[in-house]
Amino acid sequence: MDAEAVSDRSEHAKVSAVDLTEGKYSEEKLDGVWEEEASVQIQLNEEKITVKTSEPGNEADGADYNPGVDISEGRAVITQAGTYVLSGTLEDGQIVIDADKEELVRLVLNGVELSCSSSAPIYSKGGNVVIILAEGTENVVTDGMEYIYEEGEEEPRAAIFAKDDLTFNGTGVLSVIGNYKHGIQCKDDLKFITGTYEVKAAEDGIVGKDSITVRNGNFTIDSGDDGMKATNIEETDKGYVLIEDGSFQITAGGDGIQAETLLRVNDGNMEITTGGGSQNAAVSAEKPMDGGRAMPNGSNEEMQGGRMLPPEGMTPSEGMEDGFAGGGQPPKGAPPDEPGADEESAAASDSSKALKSYVELIIGGGEFDLDSCDDGIHSDQNVIISNGSFRISTGDDGIHADQTLTIEDGDIDIQQSYEGIEGFEVVIDGGNVKILASDDGINAAGEADEADSVDDSADDGGEAEKPDHGRGNPMAEEDQGATLTINGGTVYVNAGGDGLDANGDIFINGGDITVHGPADGGNGTLDYASSCKITGGTFVGVGSAGMIQNPSEDSAQPVIVWKLDEPVEAGTVIAVKDKEGKVIVKKTTEKMVQWLTVSSPEFIEGETYTVCVGDRVKEVNLE
């Protein structure tokens, strides 16, 4: 990782990211109306360009006539502010805008087929450009597979390319085919007000250096690398993507939507597939799909006084050659994200996340159908989800934040994942969260300010040595100070690895939580380094007896724990009844189970409860 790039990211993290709740638009950018009599008409006729104004007789196809347009050899150069209406077909030519930065140039696409074999068909060298898609029209812009540059030049690199601000408006359709590199690229602020956009690109679909803002519109993007991205890492108030509404269908070889500072989605409908989808994720030998640490099925580690004990006859150091000792977790098998310095980066990123930000990722609402080879939702710093409906299938984490991951509300269905939810601090305040994970369901892990504390050995593919913290068991998680807090909502977890895992503390203060933990003996329904305290809510956890950790004895709310002599099969009904026979909790096992724990706000200390597991019955007094 480049040291300068890390420094840039640290600066972004210090200021957080720009707090945008809605986009900022000038009146001229919101205005998609144009009048023919007040415009310059540019007629495209295969290899010829003709210009005329509303005044009769003012027509020219050469340099003798100049209403703000210079024409030569299939090339039209717009040099001053005004409204220019393009119609017709240009087989191999170019429209260039070369006005002063502050001059407003309105380019109306009124049924255009425009192609250029050696450069960008639409190239804005300067000017505040608004491209308007005329109502009822279909417009196509296509570039060639190789560009020819003047000596010392490296731009443009997209079928539609702008050095200054670029805004799209109107109700027509624009199809952009970027055969060379990108579809649409802007070196300043890129805005979409309305319109329908179909973009196919060899590399990135839509790129805005300083920002991308979408007020509304319909987007279909098929890209070899990223679908949409903002790339400025040099200025802390730039490099963001703000989506207020719209419909998005994105198929990307890289990330679906990526921002350097802030990715904020307030509303909209998104269908995103990245890296060939979740089914295309590589299954590494170091990333076992049946859960993490290698312990024999049916092993009988138990939890006593907050410490796990190994199976009878085995010392803590035996049988660990193939495991992950010292609190370590199996490596994920995928290389870490490289901080692509900017949009000039020649190498395509290995990252194939659906929604990704390097600093802040905030979702306020919308509908999301995400199928990603890599993480579904990812931030190198923080994720906040305050509402929305999510269906996520991923080859790695469903939702991941290196620092704080907060779910305030929403309907989240993680249908396939390696780890469902992961962050250093995970907070669930509400919503309906459902997780299916081949490894950990919810994992609070990592290092605070990880970018500044990464061990150099990791750069060589090695694992940094992790201390045991004197917990007496090499299988125990390292206490990194990570926390998992559940304050409310409905949470369902079905995990092949640990159900709820924290390299620190688990706090359950409210909500309705059900955890179907592992059937194998190498993982636990609960796995924590410091404590698991239950103060409120309904909690039911079931799983194997291989690596048992019970909720902490100093939990404020009473807890029932039962380790069965023999496991029971999937489909077994578990019920807890009070002395009057009232059923307080009832669940059905979804896999083989030998251990269970239940806590409910209806439990009363000193009372006796009947626990039924199929035809097995046990009386428990809550002392």
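User: Is cysteine 612 buried or exposed, and how do I read that?

Analyst: Cysteine 612 is buried, with a relative accessible area of 14%. Here buried means under 20% relative accessible area, exposed over 50%, and partly exposed in between, using a 1.4 Å probe and protein chains only. Cysteine 116 is also buried, because its relative accessible area is 7%.

User: What should I keep in mind about the model itself?

Analyst: This is a predicted model, in which local features need pLDDT of at least 70, side-chain atom pairs count only at pLDDT 80 or more, and totals for chains, interfaces and linings use all residues. Residues are numbered from 1 along each chain as its sequence is written, and side-chain values use heavy atoms, leaving out hydrogens and water.

User: How many disulfides does a search of the whole structure find?

Analyst: First the general idea: a disulfide is a covalent bond between the sulfur atoms of two cysteines. In practice, it is taken as a pair of cysteine sulfur atoms within 2.5 Å. Searching the whole structure gives 0 disulfides.

User: Next, strands. Which strands does β1 pair with, and in which directions do they run?

Analyst: In general, strands of a sheet pair through backbone hydrogen bonds, either parallel or antiparallel. Helices (H or I, at least four residues) and strands (E, at least two) are DSSP runs numbered from the N terminus, and two strands pair if DSSP finds at least two bridges between them. Strand β1 (residues 40-46) runs parallel to β6 (residues 82-90), with 7 bridges joining them. Strand β2 (residues 48-52) is antiparallel to β1 and joined to it by 5 bridges. A hairpin of 1 residue connects β1 to β2. Isoleucine 42 shows both pairings: its bridge partner in β6 is leucine 86, while in β2 it stands opposite valine 51.

User: What is the strand order in the open sheet of 4 strands?

Analyst: The order is β50-β49-β52-β53, with antiparallel pairing. The edge strands, β50 (583-588) and β53 (616-621), each pair on one side only. From one strand to the next, the twist averages 15°; axes are lines fitted to C-alpha atoms, for helices over the stretch in contact, and angles run from 0 to 180 degrees between N-to-C directions. Between β52 (residues 608-613) and β53 there are 6 bridges, and tyrosine 609 faces valine 620 in β53.

User: Where is aspartate 527 found?

Analyst: Aspartate 527 lies in strand β45 (residues 526-528). It is buried, with a relative accessible area of 2%. Its C-alpha is 9.5 Å from that of aspartate 505, 22 residues apart in sequence.
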